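Q: I have a model open and would like to go through it piece by piece. Can we start?

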Amino acid sequence: MNDRAALDLLVSQGPLTRTRIGELTGLSKPTASQLLARLEAAGLVRTTGNVTGRPGPNAQLYEINPTAAHVAALAVDQQGITAAVADITGQVLGEERVGTDAVAEDAPNRTAQLVAQAVDGALAKAGLGRGQLHGAVIGTPGALDPRTGRLRYAPHLPDWHSRALEEELAEALGMPVTLENDVNLAAVAEQHDGAAQDVDDFVLVWADEGVGAALVLGGRLLRGATGGAGEIGYMPLPGAPLSRGGERSAARADAGGGFQRLVGAPSIIELAREYGAPDVRTVAGALAHDAVRAEVARRLATGLTAVVAVVDPQLIVLSGEVAQAGGEELRALVEEEFTGLALPRPVLRLSRTEGNPILLGALRTALAATRDAVFPTG
C-alpha cells in the first residue's frame, strides 16, 4: 500500500525527493528509502537529477519510469480510426489516423485489420512494438451490451457488430482490449482535464454528427443495464418526429426522430438553409446566423430540461462540434432558455478539453487500468 501511494504521488505531482515523499505519505526516512529502492529495482521508478539551490547536500529526485508500461487509445468514427500510444506517465509518443478506405469493404476481419493498422502506425511513430503494449481502450459510437457482447446503437458501423468483438480485437492485437462508448470517454476526459474536474454529479451532452450524453453520478459513469444509458439522441421531444423502428431509424440525423433530429450537426445545417442561408455547408457557418443560433439554443434547452428533470445534475458540459462552433454565445443563449423553468438550474459549461476528448478519455481509462495492473497494491 505504501508503494502504491508513493507511485500515485509521483504520477500526479511529478518528480519528488525522498524527503517530500516521506512528508506526503507520513513514512519515515528509512522506510521511504527502502520503498524507493524497492520500486527502482522493480523498474517502476528512476532517479532524474537533483534539487539544487538549497543549503546542504543536493537531494535526488525520483520519477515514474516512463518505460515501465505503454498503452494504446483509439477513437472510432464513421470516417476512420485514430490511435495514440503513450507511456505510463501519459506522455503520447505516437499517433496515427487510418481511414475506413484503408481496408477493402469485403475484406475478412476488416474491423480488426483497421484497428491493427492504426495501432501499428502509432507504434511505429513511437518506436515501439506490440509486445511493449499492456492494453488498449477503444472509444466507439454505440454501447457494448454486457448481456450479449454486441455493440448497440451504432448501425452506422456495420462491421462492428460481432458478438465476440472484444475478443476478436484482443486476438488480433495480442493484448487486452476494452470497448467503451465514445461519449462516456469524453466525460472521463472532462473529469480529469476539463470542465468537470471539481464535480461528482454531471452530464456531458455531445452534439455532433450524432447526439448522446454521459451521466456521471457520485463520480462514476452510469452505463445502464444494456450499456445504453445516455442515448438521448432517441429522446422524443416536441418539434421532432418520433423515432420509430428501433436503433437503426435514429442512426442518422437525417432519418428517424428524437432529439438528434433537432440538434445533430446535419440538422443544424439544414435549419440554416430553411432560414435563408442556402450556401451554408458547415455547423460553424450555420451558427454564425443569429436566428439559427437562437433556435438551436431553444432546442438544446428543451432537451436538457428533460435530462435535468430526471438526473438533477450539478453541472452540464456541452461538447462536440455544435458546442465548439457555437461557443460562449450559444452557451449563454441556452442558459437564458432555462430561465423560468420549474426545475433545478445546473451550471452550464463548455467543454474545456484540448484535442480529441474521446481519444483523451480512452487514454485516461487505459492508463488507470494499466497502472492498477503494473503498480503494486499490497
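Q: Which residue is the bridge partner of V203 in β14?
A: That partner is I316. Keep in mind that this is a predicted model.

Q: How many bridges join β11 to β14?
A: Five, between residues 202-207 of β11 and residues 315-319 of β14. The two strands run parallel.

Q: And what is the strand order in the sheet?
A: The order is β13-β12-β11-β14-β15, in an open sheet with mixed pairing.

Q: Why is one side of β13 and of β15 left without a neighbour in the sheet?
A: β13 (220-222) and β15 (347-350) are at the edges and have a single partner strand each, so one side of each has no neighbour there.

Q: What does the twist average from one strand to the next?
A: The average is 25 degrees.

Q: Switching to packing. Which residues touch the most other members of the largest nonpolar core?
A: F259, V296 and V334, out of 39 residues in that core. Elements giving two or more residues to this core include β11, β12 (211-217), β14 and α11 (321-337).

Q: Which element gives the most to this core?
A: α10 does, with eight residues.

Q: Back to F259: what is in contact with it, leaving aside neighbours within four places in sequence?
A: F259 contacts V211, I232, G233, M235, L237, R299, L300 and G303. Apart from the core that holds F259, there is another one of 31 residues, including L74, L114, A122 and L128.

Q: Pockets next. How much space lies in the second largest pocket?
A: About 200 Å³. Its lining has 15 residues, and Q78, T100, R110, L157 and D159 are the ones nearest the centre.

Q: Which elements supply at least two residues each of that lining?
A: β5 (80-87) and α4 (110-126). α4 gives the most, with three residues.

Q: One more topic: what is phi of N109?
A: Phi of N109 is near 55 degrees, which is positive although the residue is not glycine. N109 sits in the loop between β6 (92-99) and α4.

Q: Is N109 buried or exposed?
A: N109 is exposed, because its relative accessible area is 61% and the cut-off for exposed is over 50%.

Q: And Y153, where is that found?
A: Y153 is in the loop between β9 (151-152) and α5 (165-173). Its phi is near 65 degrees, again a positive value in a residue other than glycine.

Q: Is Y153 buried or exposed?
A: Y153 is buried, because its relative accessible area of 17% falls under the 20% cut-off.

Definitions and conventions
Residues numbered from 1 in each chain as written. Predicted model: local features only at pLDDT ≥ 70, side-chain atom pairs only at ≥ 80, totals over all residues. Heavy atoms only, no water. Pairing = 2+ DSSP bridges. Helix = DSSP H or I, 4+ residues; strand = E, 2+ residues; numbered from the N terminus. Axes fitted to C-alpha atoms, helices over the stretch in contact; angles between N-to-C directions. Core = buried A, V, L, I, M, F, W, Y, C linked by side-chain atoms within 4.5 Å. Buried < 20%, exposed > 50% of the residue type's maximum accessible area, 1.4 Å probe, protein only. Contact = heavy atoms within 4.5 Å. 1 Å grid on protein atoms, 1.4 Å probe; cavity = no way out; pocket = protein on both sides within 12 Å on 5 of 7 lines; lining within 4 Å. Points joined across faces, edges and corners; volume = space filled by probe spheres on them.
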